[in-house]
Amino acid sequence: MKQYYLPLSKCLYDKFPAIRTKEDVIWVLLEVMRYSFNFTLTPSTDSEQANIIIYIDKMSRIIYGEKEKIHSFQLPFYVYEKDEKVYFSYNGQNIDSKTIAVLSSILSNIKDIYNSIEDLIDIFMDAMSDFEIEEEMSSYWNILLFLLTFESGYIRYDYDPLRENVEMHPLHHLDIGYSSNVTFKIGLKYQFVPQDLIKLLDINANCHYLDKLRKVNNENKI
């Protein structure tokens, strides 16, 4: 198990989009990867900064945020160290700054006009032309399709006194999923910190139990 800590300025953190779609998850993923290239692997001790944790174990996840809102989703790439820095790869291909720039360009257009596979191909080919890429087109295409289809496993801890409602919107809660059609909340008694979220998600750690589920009688068993 490895945990890489990166300091994240409040200014940059505020530029991250609210997670409402898969494209939002991918955008933050690419920005975190790009941002990580600028730092050696040293923990941040500045409590005024939002932090990023890259957690690598049997599960691999990115955790980022502030005390009131902590986000986490799957890190789908292979992670390795070199010269006290963290790097990423997919099927043996390094994910470098150029790769991230190309993918970010494609993603920006996808959010505006992506309605069909034909649109996606057109956007992709435009990016290949803009970046003068010819020999590695298939590699970029494979990474793009992988990002659009990987399971993000998105979860967020929220501390929300403005909308607090004991039954419907607990002060401390977890939001599971990002789409309005599938997301749901689990209320918490106490505030979470990033390490609490890691312990909850770590498949090598002991399971947590929901201790206030309504008992179901024999006639209404699910």
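**L145**

I looked up L145 and found it in helix α5, residues 137-149. Helices here are DSSP runs of H or I with at least four residues, strands are E runs of at least two, and both are numbered from the N terminus. The model is predicted, so I noted that local features need pLDDT of at least 70, that side-chain atom pairs count only at pLDDT 80 or more, and that totals for chains, interfaces and linings use all residues. Residues are numbered from 1 along each chain as its sequence is written, and side-chain values use heavy atoms, with hydrogens and water left out.

L145 counts as partly exposed because its relative accessibility is 31%. The classes are buried under 20% relative accessible area, exposed over 50%, and partly exposed in between, with a 1.4 Å probe and protein chains only. I also checked L145 against L120: they are 25 residues apart in sequence, and their C-alpha atoms are 9.9 Å apart in space.

**Cavity**

How many cavities of 30 Å³ or more are there? I get 1. A cavity is a set of points, on a 1 Å grid over the protein atoms alone, where a 1.4 Å probe fits but cannot get out; lining residues have an atom within 4 Å of a point. Grid points are joined across faces, edges and corners, and the volume is the space filled by probe spheres set on the points. The largest cavity holds about 40 Å³.

Its lining consists of I26, L30, L103, L107, L144, L147 and L148. The elements giving two or more residues to this lining are α2 (22-36), α3 (97-113) and α5. Helix α5 supplies the largest share, 3 residues. By class I find 7 nonpolar lining residues, no polar and no charged. Nonpolar covers Ala, Val, Leu, Ile, Met, Phe, Trp, Tyr, Cys and Pro; charged covers Asp, Glu, Lys and Arg; the others, Gly among them, are polar.

**Surface patch**

I117, I121 and M125 make up a nonpolar surface patch with about 250 Å² of accessible area together. Patch members have over 30% relative accessible area and no salt bridge; nonpolar side chains (Val, Leu, Ile, Met, Phe, Trp, Tyr) are joined within 5 Å, like charges within 9 Å. Areas come from the Shrake-Rupley method with a 1.4 Å probe. I placed M125 in helix α4, residues 117-130; M125 is partly exposed, at 39% relative accessibility.

**Salt bridges**

I count 9 salt bridges, each a side-chain nitrogen of Lys or Arg within 4 Å of a carboxyl oxygen of Asp or Glu.

K10 and E66 pair at 3.9 Å, N to O. K10 sits in helix α1 (residues 10-13) and E66 in strand β3 (residues 60-66), so this bridge ties together parts 56 residues apart in sequence. Both ends are partly exposed, K10 at 36% and E66 at 24%.

Is the R156 end buried or exposed? R156 is buried, at 12% relative accessibility. Its partner D158 is buried at 4%, and the closest N and O atoms of R156 and D158 are 3.1 Å apart.

D175 and K185 bridge with their closest N and O atoms 2.6 Å apart. D175 belongs to strand β9 (residues 172-176) and K185 to strand β10 (residues 184-188), so the pair ties together parts 10 residues apart in sequence. D175 is buried at 3%, whereas K185 is partly exposed at 34%. Through shared partners, salt bridges join K69, R156, D158, D175 and K185 into one network.

Definitions and conventions
1 Å grid on protein atoms, 1.4 Å probe; cavity = no way out; pocket = protein on both sides within 12 Å on 5 of 7 lines; lining within 4 Å.
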